[in-house]
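Subject: Structure handover

Hello,

Please find the structure below. My notes on it follow.

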Amino acid sequence: MASPTLISDTEAWKDLKGHVEEIKKTHLRDLMADAERCKSMMVEFDGVLLDYSRQRATNETVDKLFKLAEEAKLKEKINRMYNGEHINSTENRSVLHEALRASRDSVIQSDGKNVVPEVWSVLDKIKDFSERVRSGSWVGATGKVLKDVVAVGIGGSFLGPLFVHTALQTDPEAIKFARGRQLRFLANVDPIDVARNITGLNPETTLVVVVSKTFTTAETMLNARTLREWISAALGPSAVAKHMVAVSTNLTLVEKFGIDPNNAFAFWDWVGGRYSVCSAVGVFPLSLQYGFSVVEQFLKGASSIDQHFYSAPHEKNIPVLLGLLSIWNVSFFGHPARAILPYSQALEKFAPHIQQVSMESNGKGVSIDGVLLPFEAGEIDFGEPGTNGQHSFYQLIHQGRVIPCDFIGVVKSQQPVYLKGEVVSNHDELMSNFFAQPDALAYGKTPKQLHKENVPPHLIPHKTFSGNRPSLSLLLPSLNAYNIGQLLAIYEHRIAVEGFVWGINSFDQWGVELGKSLATQVRKQLHASRTKGEPVEGFNFSTATLLTRYLEATADIPADPPTLLPRI
């Protein structure tokens, strides 16, 4: 008999549906009293410690989740990904971001060809070029050292590299290599983003990295043309070849744009945009800022987790456990959101990156075979570093909706501070909250406890915390380039696990297309109205009204305006 098309048709799924009703009768106060259970829910690999004992789960739950993974053929799907099979079936592509950080002697096949030598060819080219720029042997059109870099890209070409850059900015080792340099990211087509990025920069010392696989991404290419004009206006059109380089595979359009194709750095169809931070998309601008040696440590950290994910048994496999627990919370408890709460300001851009990786990957309504899903897939991800988040949205997490939380802590601060006479150091103060918050969510506070504390009766309902709110904790030994790579890969693979079990394609993103195609119609209308005075036509009443209001309010803009660049 053929296996069911949908995972929700399996006995393992149905078994968990029944089991969750039993778990709902328990409270984390009681589950946490079982020290053996808690001990069994701690897993460590390469210095990273995962504690998932504050999940609303028993050892029996975990066993049932492993059975679900077996039904979903999770291990087989992981193997197929690592073997270069075209698991992104809607685009007929391999999914091999793990090859981007593989060791030079690794063998990873795609379409019968080992892709690792190509990866290292690009990495070697990045190392050579970035060292020439950093040393001053490659200079700008006027002979000045290029100490400022603006990376132009959007989505996966921006969020991942920005997360890594922000995390490295305060790392003592990275600081040494970045001295006297700055890296900025231009993503939004909003001219305000252009203004903010070029403010304080001198075109003579600026190198622009245009990141677009096809060199056709509308927002990125408009921003690239804007910066080309900024450079040309100051230094002349011939300066473009010295001040602009590309991360792209479309060498024809790169050359047509005015960039020397020899200064284009490739990546491949088997690299999805949101998984591309370990390709030239991230490695190139980060190497220009920090040097290749620092970025290589980042790649090694990610590679360590890649090998762990591929080879560790489910019960010791951190990404597998995280993915299965997410499915437990989303599909069985019905909690659609997840809070990502890093207790490190250096990780302030981590949640925005994972928002894209997770929600673009798993925000799907049909199975990989195109069958409408009878269950919700995907998570709503958001987050903020602790303790900032505590003074923002933790109120809702403690006393409003149940939102499973990921607490991410770091043992050693990048920038420790000690003040004589203080009870604890600044980092200890931060970590006091990291350790306390999961217990507050798990245990809560009962009316009985409040009564004993002589809380006025009318305030008891307001001060009661129900508890029984799930979380998990990840503790990293430090936050250097290697650890940042580990953290990235843990979440990338966790998201893949969810998609593999849900039976969806985590590696396409058709949902981003419709809005873009409709924007093309609006763009044509705006052009026709501004240049020929044509009325707004072909839109519904609401859109037509808004468009007309916009055009009337900006009627002072000439039909063919002269070039105007922002000035702050």
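How many nonpolar, polar and charged residues are in the lining of the second largest pocket? The lining has 13 nonpolar, 15 polar and nine charged residues. Here Ala, Val, Leu, Ile, Met, Phe, Trp, Tyr, Cys and Pro count as nonpolar, Asp, Glu, Lys and Arg as charged, and the others, Gly among them, as polar.

Before the rest, some ground rules. This is a predicted model, in which local features need pLDDT of at least 70 and side-chain atom pairs count only at pLDDT 80 or more, while totals for chains, interfaces and linings use all residues. Residues are numbered from 1 along each chain as its sequence is written, and side-chain values use heavy atoms, with hydrogens and water left out. Helices (H or I, at least four residues) and strands (E, at least two) are DSSP runs, numbered from the N terminus.

Pockets

Pockets and cavities were found on a 1 Å grid over the protein atoms alone. A pocket is an open set of points with protein on both sides within 12 Å along at least five of seven lines; a cavity is a set of points where a 1.4 Å probe fits but cannot get out; lining residues have an atom within 4 Å of a point. Grid points are joined across faces, edges and corners, and a volume is the space filled by probe spheres set on the points.

The second largest pocket holds about 1100 Å³ of space. Its lining consists of 37 residues, and Thr217, Gly273, Gln509, Val512 and Lys516 are the ones nearest its centre. Helices α10, α16 and α22 each supply at least two lining residues, and α10 has the largest share, with three.

The largest pocket holds about 1400 Å³. It is lined by 28 residues, of which Val189, Pro191, Leu222, Arg530 and Tyr550 are the closest to its centre. At least two lining residues come from each of α9 (191-198), α10 (218-235) and α22 (513-532). By class, this lining has 17 nonpolar, five polar and six charged residues.

Cavities

There are two cavities of 30 Å³ or more.

Leu100, Val119, Val122, Leu123, Ile126, Ala266, Trp268, Cys278, Ser279 and Ala280 line it. Helix α6 (residues 116-135) gives the most, with four residues. This lining has nine nonpolar residues, one polar and no charged ones.

The sheet

Six strands form an open sheet with mixed pairing, in the order β1-β2-β13-β12-β10-β11. The edge strands β1 (42-45) and β11 (380-383) have a single partner strand each, so one side of each is left without a neighbour in the sheet. Two strands count as paired if DSSP finds at least two bridges between them. β10 (residues 337-342) pairs with β12 in the parallel sense over four bridges; Ala339 has Cys405 of β12 as its bridge partner.

Two helices go with these strands. Helix α18 (residues 426-443) lies across β12 and β13 (471-476), at about 155° to β12. Axes are lines fitted to C-alpha atoms, for helices over the stretch in contact, and angles run from 0 to 180 degrees between N-to-C directions. Contact means heavy atoms within 4.5 Å.

A helix pair

The axes of α5 (residues 74-82) and α14 (residues 292-311) come within 9 Å and cross at roughly 135°. These two helices are therefore oblique to each other (under 35 degrees is roughly parallel, over 145 roughly antiparallel, 65 to 115 roughly perpendicular, and the rest oblique). Lys75, Ile78, Asn79, Met81 and Tyr82 of α5 meet Asp306, Phe309 and Tyr310 of α14.

Backbone points to check by eye

Most residues other than glycine have a negative phi, and most peptide bonds are trans. Lys73, in the loop between α4 (59-71) and α5, has a positive phi, near 55°. Gly386 and Thr387 are joined by a cis peptide bond, with omega about 10°. Thr387 lies in the loop between β11 and α17 (394-399).

Regards
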